[in-house]
Amino acid sequence: MPSLLIKNIGELFTGDIARPRSEARTLLIEDGRIAALGTAETGTEDAVLDAAGGAVLPGLVDGHVHPVLGQWTPAQDSQGWIRNYLHGGVTTMISAGELHVPGIDYSALTPDLVVSIATVTAATLNRVRWSGARVYAGTVLLVPGMTEAHFDRLAEAGAILAKFLFYPWSAETAEAQRYVRLCRARNIRVKVHTGGVSRSGASVICGYDILAWLKPDIAGHVSGGPIPMSDGDIDKLVDDTDFALEIASSGNYGATLRLVRRAIASGALARLTLGTDTPGGTGIIPRGNLRNILFLCAICGLEPAAAVAIATGNTARAHGLDVGILAPGRTADVVVCGRIDGSAGTSVTEAIAHGDIPGISYVIADGRIVVEGRSEQTPPPKAPARLAWRRDLGGFGSIASALGLVRAP
Ligand SMILES: [Zn+2]
């Protein structure tokens, strides 16, 4: 696999909330991994990407998507959404449940049915890099009556997440706590739908009183998806629990502002994760995770590099994934972007702080270029990155296919 040096980086966002910026001005990719930060150009690289003084950040991680089959979503009767999200800078997407299967009867879900849906989607969606993006599907919708064998099937299918959405909460139950233990024993994280009833109309209201004893790995869309828990419950979640707290594009803006302010005040930014909670009633929003970052900065007052870390390293870590951090040895998922002409400020940081979306010119996933030259979903940056081939690897066609430029039909 050809090596690629990104040089002339104006700002490097690491994705690590503990140290969200690097002074490095180059980034070297070899064999699909980040080989070095700040290394000098040697002339031996196969290709060089001149970032033109723009910003480099980890590929975004959408921690809350609702896929069904391939790139088709019946929720908005559309095709190709995964490719469009990739052009919004999202290289990894994690399913929060495949609940949009047409014809499904939410009042008649059985353990065999929910596990079968999850294993079919894991066996199909997870097998293919859709337009170069990575999707983790196979997220079971937990229902009463599941046995250890059901969780074994999910683990065999490669599931990384299970979700309480249609679970009939009434009081503390030993069964729900057992599900959490069975998942963790198989390295499957547990997410919970929180807040009011979802678009399906079938979920049960979930707030602090349930989360406090259930202790999931991730409380899903705590500021609404679409209806949040009460303001007091949000405050107690920040103050009195320690699991990950997800913010979704489907949520309530006022509740998100309240949550983020409280997380800043109590030093809890490492617990925040981001997702879109789409496709769904909120729509299909390829720039959704970028817009989440803008909201966290322009409205909630977060520093842009911290918001990027929440959208990348934080979200990946909460779901047990190795992506989302730009450091030697990590997966080479990279977004190269720049300030769009007309934006506030003189840098990507200043533009984001003002709420102006950056323009994406390149997206790299697993060291392969999957968006080249400019995104189909953002305006172009004023100074776009430029790719130069250093070595002739047998003609442009072979180089292009080696770097993943030749698109699947
Ligand atoms: Zn959802």
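Two strands are taken as paired where DSSP finds at least two bridges between them. In this predicted model, an open sheet of 5 strands is found with the order β5-β4-β1-β6-β22 and mixed pairing. Its edges are formed by β5 (33–37) and β22 (386–389), each of which pairs on one side only. Direction ignored, neighbouring strands of this sheet are turned by 20 degrees against each other on average. Strand β6 (residues 47–50) runs antiparallel to β22 and is joined to β22 by 4 bridges; among the residues involved, A47 has W389 of β22 as its bridge partner.

Another open sheet comprises 6 strands in the order β3-β2-β7-β19-β20-β21, again with mixed pairing. β3 (21–22) and β21 (368–371) each have a single partner strand, so one side of each is left without a neighbour in the sheet. Within this sheet, β19 (residues 334–338) and β20 (residues 359–365) are antiparallel and are connected by 5 bridges. C337 is bridged to I360 in β20.

Both C337 and I360 also belong to the lining of the largest cavity. The count comes to 1 cavity of 30 Å³ or more, and the space in the largest cavity is about 60 Å³. Besides C337 and I360, the lining includes L57, V308, V335 and P358. At least two lining residues are supplied by each of α8 (288–299), β19 and α10 (348–354). The greatest contribution is that of α8, with 3 residues. The lining consists of 11 nonpolar residues, with no polar and no charged residues.

Technical notes: Residues numbered from 1 in each chain as written. Predicted model: local features only at pLDDT ≥ 70, side-chain atom pairs only at ≥ 80, totals over all residues. Heavy atoms only, no water. Axes fitted to C-alpha atoms, helices over the stretch in contact; angles between N-to-C directions. 1 Å grid on protein atoms, 1.4 Å probe; cavity = no way out; pocket = protein on both sides within 12 Å on 5 of 7 lines; lining within 4 Å. Points joined across faces, edges and corners; volume = space filled by probe spheres on them. Nonpolar A, V, L, I, M, F, W, Y, C, P; charged D, E, K, R; others polar.
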